[in-house]
Amino acid sequence: MTIDQAIRDAKRQKTEMKIGTHSGTFHADEALAVFMLKLLPKYKDSAVVRSRTPDVLEACDIIVDVQGQYDGVKHFDHHQRDFSETFSPSFKTKLSSAGLIYKHFGKEVISSQLDIKHDDSKLGILYKKIYSAMIEAIDGNDNGQSAYPDDIEPAYSTSSITLPGMVAALNPAWNETYDDAYLDSQFEKASKLMGGVFVDLVKYYGKAWLPARDLVKAAIENSKQYDDEGRIVVFDQFVTWKGHLFELEEELKIKGQIYYVIYSDGKGWRVQAVPVDPHSFKSRKPLPEPWRGVRDQALSDLTGIEGGIFVHASGFIGGNQTREGAMLMAQKAVTF
């Protein structure tokens, strides 16, 4: 065989790879599942075969969201009566085809998008975070598992602005004339929509969220230089810290330890009380009650710390002109 023939054969074999999914109305989960597969070198140039004919589907190399089978190798359907697969024992949401593909190929997808080695510990952190940040919601939506208790009535509808809602809108209307070719072209649009959001999310978590986590972890590890019990954390550059702080406290087994976070807002320095949970307005230890609502020189006179700017009336945040002043405020507050 000549080199040219070998190249032609390799190209022919490459184009012969096929991803199978069901025809007809499409949904967000298989639209994303197919896109994720096509991010992998093995399936990059695969044809997408949409059919309900078993023999046609079985001729494909991998099959998602149809055929009533899940084996983690070729078949990735979740519609079986006895199907109960979740992402891991710590998750309760049943997987859809998107979750199944992500569970088996997610690390490889993330690695290829971010150029992270397969043995890098950061890959496992991103793998779990991206599932909980996006894929789990797609799984829950497709399986009819609400994010809220059934007895909570929504104040307004969000269906048209969610990703599953946007994908649903790409299906033909009930009174619209269409054929399989049109459905296939609309499915391709849906897959690109889901995939574009997914890739952007992966890049955000890999290039912004993860570096922020590293900075927050380093700051927590250095906290005892400011307070013997590690109750004060200092950021010498602004970073999105709140979500990371709670996760890292759990990971480091110091839940509830940190009372105050100090950071610069570009003009001065802030002392912010850590909330009792990421979504609460209640602080673990608000700044002292006598300081609340006091500003400027009156605050400096009251605290004995020069450079006072303010303390919020609720005590959740205060400010000082200098890093040293903010530190003194936090150090006084922890024992007040």
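Hi everyone, let me start with the lining of the largest pocket: by class, ten residues are nonpolar, eleven polar and two charged. Here Ala, Val, Leu, Ile, Met, Phe, Trp, Tyr, Cys and Pro count as nonpolar, Asp, Glu, Lys and Arg as charged, and the others, Gly among them, as polar.

A word on the source: this is a predicted model, where local features need pLDDT of at least 70 and side-chain atom pairs count only at pLDDT 80 or more, while totals for chains, interfaces and linings use all residues. Residues are numbered from 1 along each chain as its sequence is written, and side-chain values use heavy atoms, with hydrogens and water left out.

Back to that pocket. The space in the largest pocket is about 700 Å³, and of its 23 lining residues, Asn141, Ser146, Ala147, Tyr148 and Thr158 are the closest to the centre. A pocket, on a 1 Å grid over the protein atoms alone, is an open set of points where a 1.4 Å probe fits, with protein on both sides within 12 Å along at least five of seven lines; lining residues have an atom within 4 Å of a point. Volume is the space filled by probe spheres set on the points, joined across faces, edges and corners.

Which helix gives the largest share of this lining? That is H5, with four residues. Helices (DSSP runs of H or I, at least four residues) and strands (E, at least two) are numbered from the N terminus.

Next, the second largest pocket, at about 470 Å³. Closest to its centre, of 15 lining residues, are Lys128, Lys129, Ser132, Trp209 and Glu247. H5, helix H7 (180-221) and helix H8 (242-251) each give two or more residues to this lining.

Now look at H7 and H8 themselves: their axes come within 10 Å and cross at roughly 60°. Therefore H7 is oblique to H8; oblique is what remains once angles under 35 degrees (roughly parallel), over 145 (roughly antiparallel) and 65 to 115 (roughly perpendicular) are taken out. Axes are lines fitted to C-alpha atoms, for helices over the stretch in contact, and angles run from 0 to 180 degrees between N-to-C directions.

Last, the sheet. Five strands form an open, mixed sheet in the order E5-E6-E7-E9-E8, with pairing needing at least two DSSP bridges. E8 runs antiparallel to E9 (317-320), joined by three bridges, and Phe310 has Gly319 in E9 as its bridge partner.
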